[in-house]
Amino acid sequence: MSKNQLIEFFEELENADEVTPLSSQKHLSRKRESKKNETDARLFVRAQELSREFHFTYKAARFEEAWLLDSLFEIAEHQWISDVLRKVKAGKEASVYLCKPGAAIPTADFVAAKVYRPRMLRNLRNDGLYRQGRADLDSEGREVIDDGMLHAMRKKTEYGRELLHQSWMAYEFTSMQDLHEAGADVPEPYTLSSNAILMEYIGGLDGSAPTLSEVDLDRAEAGPLFERVLHNLDLMLAHERIHGDLSAYNILYWDGDITLIDFPQVVSPKVNRHAYRIFERDVKRVCEYFNQQGIKTDPKGLAQELWTSRGYPILQTKPDPQE
Ligand SMILES: Nc1ncnc2c1ncn2[C@@H]1O[C@H](COP(=O)(O)OP(=O)(O)OP(=O)(O)O)[C@@H](O)[C@H]1O
Ligand SMILES: [Mg+2]
């Protein structure tokens, strides 16, 4: 698939629930229309091939189906999931789907599949800030040491960017594994495939857990939950990890408990020279939310206390011009 075809695919995916007004349909140029038909045909062929083997309850939008089947094929084949029930949310970097677990996960009622957008369509975030001092990981979560692969990533060739995408996902998965094992409030991760992460689902059949940003807490509840978030920040520091994009948008709230999500950009407090700045920003954003919920906070003081009590030195760095 070419880049343009993928872009069209995602335009379609994003507008899947909207009815295209006739007026804008008229404006589709002939060239674009024929390209669109070509894309349709390719994706349909792929979807047809895979859908012979897998039947999902979720009726995906036309283009989404091929992408979804392609991304979840491996996971379904290994019996991690037996069905896709519905789309939970389309995020900026990935879409999350509610799935029925397969025989490989006998204990869960539901699981969540985070399916990444194709690398070329993801936000061009400033990943240099997060990758500073961070080794790149392969699809198995092992450090990449192969010269050819390292070269491709440095040159950002097509292959190199694919490897960087893999590394990004591997960081998310391995961080969740370590943190879950350490007792942090993160979804239990089950498996990683080339384009998806399967994890514990937070929520019920009718609806997934809202993010904290969507919830107004009682004063009585806000205090203990704030302490719980700080406990998680401390536990993460103890395991040499900083979330890097923490805010009320990446914390789920369900049954009175919190769950931290969305870890691809984690950084190490020991290795990244901007670590303290990144950590302080996480603490500040969390404090902003809890301030609105009536909790008095001192973000700078808290960040310092958490950081130094784990024995890390405070290095103040300035943002790079491109940040
Ligand atoms: N394990 C889960 N259980 C239930 N819902 C989840 C789970 N993981 C993610 N979600 C939902 O999917 C949304 C997107 O997930 P996540 O933040 O990991 O992806 P993202 O693409 O990086 O999103 P964004 O760019 O919007 O932050 C979350 O805001 C949340 O609503
Ligand atoms: Mg998120």
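This is a predicted model: local features need pLDDT of at least 70, side-chain atom pairs count only at pLDDT 80 or more; totals for chains, interfaces and linings use all residues.

Next, select glutamate 93, where a backbone N or O atom lies 3.0 Å from an oxygen atom of ligand 1. Then click on asparagine 250: here an N or O atom of the side chain is 3.2 Å from an oxygen atom of the ligand. Taken alone, ligand 1 exposes 610 Å², and the protein buries 91% of that.

Now show the surroundings. The space that ligand 1 takes is the largest pocket. Colour strands E1 (81-90), E2 (94-101), E3 (111-116) and E5 (196-200), the elements that each give two or more residues to the shell around the ligand.

Select the 19 residues around ligand 1; those that come nearest are Ala94, Lys114, Glu200, Ile202 and Asp262. By class, this shell has 10 nonpolar, 3 polar and 6 charged residues.

Finally, colour domain 1 (3-18 + 27-200) and domain 2 (212-309). Why does ligand 1 lie between them? Because both domains give residues to its shell.

Methods:
Residues are numbered from 1 along each chain as its sequence is written. Chains are lettered from A and ligands numbered from 1 in the order in which they are written. Side-chain values use heavy atoms; hydrogens and water are left out. A residue is near a molecule or strand if one of its heavy atoms lies within 4 Å of it. A polar contact is a pair of N or O atoms within 3.5 Å; within protein, one must be able to donate a hydrogen and the other to accept it, and residues adjacent in sequence count only if both atoms are side-chain atoms. Accessible areas come from the Shrake-Rupley method with a 1.4 Å probe; for residues, only the protein chains shown count as cover. On a 1 Å grid over the protein atoms alone, a cavity is a set of points where a 1.4 Å probe fits but cannot get out, and a pocket is an open set with protein on both sides within 12 Å along at least five of seven lines; lining residues have an atom within 4 Å of a point. A molecule sits in a cavity or pocket if more than half of its atoms lie within 2 Å of its grid points. Helices (H or I, at least four residues) and strands (E, at least two) are DSSP runs, numbered from the N terminus. Ala, Val, Leu, Ile, Met, Phe, Trp, Tyr, Cys and Pro count as nonpolar, Asp, Glu, Lys and Arg as charged, and the others, Gly among them, as polar. Domain bounds come from an automatic or database domain assignment.
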